[in-house]
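Please read the following report alongside the sequence and the coordinates. It takes up a helix pair, then a chain as a whole, and then an interface.

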Amino acid sequence: MGLKEALTALGEAPYQHTTVTLRDGAELIAENCAGVISCTDSREVSGEIVLKIRCAGEDRLMRVQGTGLTLESGGAYGVRITGSIEAVSFLSL
Amino acid sequence: MKENKSGLRFGSVEFSGYGAFPERFATELINCGVELRRVRFGDGTISGAVSPADYWETARTARRCGLRIRAGKRRGLYFTALRYSRRAGLYVGFLAFVMLTALSGSRIQDIEIVSSGTVTAAQRSQIMSILGECGLSEGSSARRLENSTTAAERRILLEIPETAWVDVTCVGFRLEAAVEMGTPAPEMLDADAPCNLVASRAAAVVSHVVRDGVLVTETGSGVPEGGLLVSGTVTDAAGNVILKHASAEVIGEYTETREFFVPYKETLRLPEGETAEYRWLVYGDDEYPLFFGVAAMEDSVYSEQTEAVRLFGKETPLKIRTGRFTGYVSRNVTRSADDCLAELSRQQAAFEENFYAGQEVYSCEKTAVPEQDGIRLRCVYTLRGNIAKEQEILLSQPGSQGAE
């Protein structure tokens, strides 16, 4: 199941899918990130960053797994993760 | 995402830290709107970069989250300026530069005499001396010069008779005296010097009005160029010879032939190209350009107009001068026979206006001859005009009454 299908399954309307964008497995942009929930060392080996994103009016946890993950923030609630992204999945609270 | 697009134009501060809650630290910074760059999470560690303005917020957040962070490399204009901000020499140099500029701008540093004609060395020396006497010399103040420049202009006009126009202007620290010399008066005989009137060109005399002297060539006679028309040598009733200044108007009739040619195809250079406008603010004799660089454009025609600056409907002493350069462009023109004739007619009218204004065009016999590449117009003019020209009577020996 792709990211957009997963978002739709979680209840987000299709027109809201642009709030999370995954490009080429190297860049993930979440425009509605409410925070960083957890993180592990991803400098040399595969690690993860778990983001809390606001999705269809509810907070969801999104796990981004990969190697050499770098997080950047362009301001409030805008987050960009670059690196070798291997998997993106949603967790239940 | 490049740094110059990310709001970190004024530099960045790298940080690294360790502690219990790096994710909470990141969350709080995101919620505060802090721009985070290159944030990497390690084994209980975090590293990244923020802008200098956000660093103190970052440090406070780290303390709240139980993180110990440390600033690393500092990059950008802010830190470069900070590094040099304690160098007193820079401030002294800047102040010296400002003072020198202000001082040099308030004093006349250079005086230049410009003219489109010729100003002799003696005239230059005299102009410089007049400027000096009016308080306009190198080193004198360049402020409030209006009275001095006006006085200098008047004195130059009065004391150098050859001058026809003078404008003394101070632009910045340069004083410029624009001096134009008048055209020398043509040689003319004194009104009482004895002279004859001779024909300036071969013609047939059609009328005359003799005011003084003896008419030699009667109406209807032909006269060659230089032929005597009115003699200044007059004999009185007692038989004495008197030399007079002959005065008369002798109208002669003569012909001239002119040819005009207009081709069917021609490349004309017309001022219809791109235009460039430059503006100057004018205050009294001074003018200040409202642009950078030099007001010039190659191969163009120049025109200008000056408008007064109005404030609430009232004229101010300021004026705006607008100069417009219009570039020439080459255009290929193809004319029909009628177009050629119209152009020939225009050329002929312009010629008559320019060259025959002082004469009467009695008749004009026109012949248009079509040629392979255009039309040629041949005009045989019959003109009437005053052909009398003064010629001084030269006496061969002092006291003698022989006339030339």
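## Helix pair in chain B

The crossing of α5(B) and α6(B) is right-handed. In this predicted model, helix α5 of chain B spans residues 121-133 and helix α6 of chain B spans residues 146-159, and their axes come within 9 Å of each other while crossing at roughly 145 degrees.

On the α5(B) side, the residues that make the contact are Gln126(B), Ile127(B), Ile130(B) and Leu131(B), and they meet Ala152(B), Arg155(B), Ile156(B) and Glu159(B) of α6(B). Sorted by class, the contact of α5(B) with α6(B) comprises five nonpolar residues, one polar residue and two charged residues.

## Chain B as a whole

The secondary structure of chain B consists of seven helices and 24 strands. Chain B has 404 residues, of which 20% count as buried.

## Interface between chains A and B

Where chain A touches chain B, 21 residues of chain A are in contact with 20 residues of chain B. On the chain A side, the elements that contribute two or more residues are β3 (33-39), β5 (58-75) and β6 (78-91) of chain A.

The residues on this side of chain A, the one that touches chain B, divide by class into nine nonpolar, eight polar and four charged.

Notes: Residues are numbered from 1 along each chain as its sequence is written. Chains are lettered from A and ligands numbered from 1 in the order in which they are written. This is a predicted model: local features need pLDDT of at least 70, side-chain atom pairs count only at pLDDT 80 or more; totals for chains, interfaces and linings use all residues. Helices (H or I, at least four residues) and strands (E, at least two) are DSSP runs, numbered from the N terminus. A residue is buried if 20 or more other C-beta atoms lie within 10 Å of its own, exposed if 12 or fewer, and partly exposed in between; C-beta atoms are placed from the backbone. Two residues are in contact if their C-beta atoms, placed from the backbone, lie within 7 Å. Ala, Val, Leu, Ile, Met, Phe, Trp, Tyr, Cys and Pro count as nonpolar, Asp, Glu, Lys and Arg as charged, and the others, Gly among them, as polar. Axes are lines fitted to C-alpha atoms, for helices over the stretch in contact, and angles run from 0 to 180 degrees between N-to-C directions. A crossing is left-handed if the near helix is turned anticlockwise from the far one by less than a right angle, and right-handed if clockwise.
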